[in-house]
Amino acid sequence: MLDLYSPGSSILHRLPPAPKMLAMMFGATLLFINQSLPVTIVATLVILVLYPIAQLTLKQAFAQVRPLLIIFVLFFVVQWYFSGLELAAYVVLRLAALILLASLVTLTTRSSDMIDTMTRGLRYLKPIGVNPEKVSLAISLALRFIPVLAQITREVREAQKVRGLERSVIAVAMPMAIRAIKMADDISDAIDSRGYRS
Amino acid sequence: MDTTAPRGLATKDIVYIALFAALTAALGLMPPIHFAGAALPPISAQSLGVMLAGAVLGSKRGGLALLLFIALVAVGLPLLSGGRGGFGVLIGTSGGFLLAWPLCAYIIGYLMEKDTAASPVKTGLYVAFGGIIVMYAAGIPWMAFIGKLGLSKSLTIMVAYIPGDLVKVVLATIIARGLRRAYPNL
């Protein structure tokens with residue numbers, strides 16, 4: 001499955017996921033606590049410098065904040081109008097820095113490595129009843145189900161097109177949901193009949 | 001629920017949890033629906049997955065399904081509508097809404113379990129409570145906090161999304177009731 005990973009061999013790519021995530025959370029917290037505009041500007045620049053170090057382009061950096069551009073403009077205008085230019089710049093820049101920092105981890109870490117780290121971390125939650133094997137099973141099933149559901153939707157939509165119903169949301173969603181549940185029942189029977197003990 | 005085994009979740013529960021996590025992801029693949037022209041923002045079908053998970057699976061499994069979905073987003077899979085994913089989205093302006101999804105599904109499921117013979121209108125009210133009120137109650141203060149906006153200003157921004165959410169409540173109610181009729185002991 002396609003993830004947001006950008007292949008590379010930089011130091012950020014080679015760092016294991018756990019320390020990288022911890023460092024990111026620490027940095028994000030600091031960004032949040034800090035209240036000054038100059039510090040936020042410096043932090044943003046430092047994060048932007050990390051992009052070339054991680055063999056990423058500034059174009060990729062911009063692509064991370066682009067979906068939020070409209071919200072940024074909205075926030076900026078509202079803040080400027082009510083609280084002045086400095087606060088407006090601080091709020092929007094801090095938000096951009098947070099997203100750039102978090103994206104740095106996402107872009108340099110494979111989802112599969114992150115999932116491995118996560119499921120390994122789950123064994124510490126065993127005392128409160130979390131079963132890492134069950135979580136792994138749920139993760140692999142969910143990833144497999146996404147394309148299957150898209151396929152079921154296509155088939156149902158084609159079948160309803162013959163009846164002239166392809167534009168009716170319920171006429172497509174209802175059979176699709178029932179087929180999905182039936183598939184899930186078949187799969188859980190198949191898993192159990194192969195001796196998976198839950 | 002027919003599976004109240006003393007030791008955790010049965011295989012069937014795990015498969016259902018994975019199915020509804022995947023359903024929420026698959027709904028994100030649908031292009032956002034534009035209605036009322038440019039007057040209202042486009043609505044994504046994705047929070048329909050939240051409502052359905054709660055209304056169909058119940059509190060525990062519904063909440064876990066969305067927890068799984070959020071975990072998959074956090075590890076960097078582009079499962080949110082528009083192909084977004086990663087920690088950045090979760091701590092961004094709409095992070096409060098997304099992180100509230102497991103709780104929303106749990107609450108819808110809890111209300112449905114309390115009142116198994118709910119009428120269509122009541123089912124709709126339960127779905128609306130979890131899927132709109134709880135979600136906004138978490139998402140709007142988050143947006144106000146992270147953007148240093150006042151609560152009332154954030155609320156004004158979100159009012160535009162309410163019509164789309166009401167459409168989703170109606171859809172979720174019809175689908176959930178249909179599924180419950182087709183599979184009484186889901």
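Modeller: In this predicted model, the C-alpha centres of domain 1 and domain 2 of chain A lie 36 Å apart. Local features need pLDDT of at least 70 and side-chain atom pairs count only at pLDDT 80 or more, while totals for chains, interfaces and linings use all residues. Residues are numbered from 1 along each chain as its sequence is written, with chains lettered from A and ligands numbered from 1 in the order in which they are written.

Colleague: What are the bounds of domain 1 and domain 2 of chain A?

Modeller: Domain 1 covers 11-121 and domain 2 covers 131-193; such bounds come from an automatic or database domain assignment.

Colleague: Why are α9(A) and α8(B) called oblique to each other?

Modeller: Helix α9 (residues 169-193) of chain A and helix α8 (residues 162-182) of chain B pack at an angle of about 40°. Angles under 35 degrees count as roughly parallel, over 145 as roughly antiparallel, 65 to 115 as roughly perpendicular and the rest as oblique. The two helices, α9(A) and α8(B), are therefore oblique.

Colleague: What makes the crossing of α9(A) and α8(B) left-handed or right-handed?

Modeller: A crossing is left-handed if the near helix is turned anticlockwise from the far one by less than a right angle, and right-handed if clockwise. The crossing of α9(A) and α8(B) is right-handed.

Colleague: How many residues does each chain, A and B, give to the contact?

Modeller: Chain A gives 55 residues and chain B gives 45 residues, two residues being in contact if their C-beta atoms, placed from the backbone, lie within 7 Å. The largest share of the chain A side, 13 residues, comes from α9(A).

How values were computed
Axes are lines fitted to C-alpha atoms, for helices over the stretch in contact, and angles run from 0 to 180 degrees between N-to-C directions. Helices (H or I, at least four residues) and strands (E, at least two) are DSSP runs, numbered from the N terminus.
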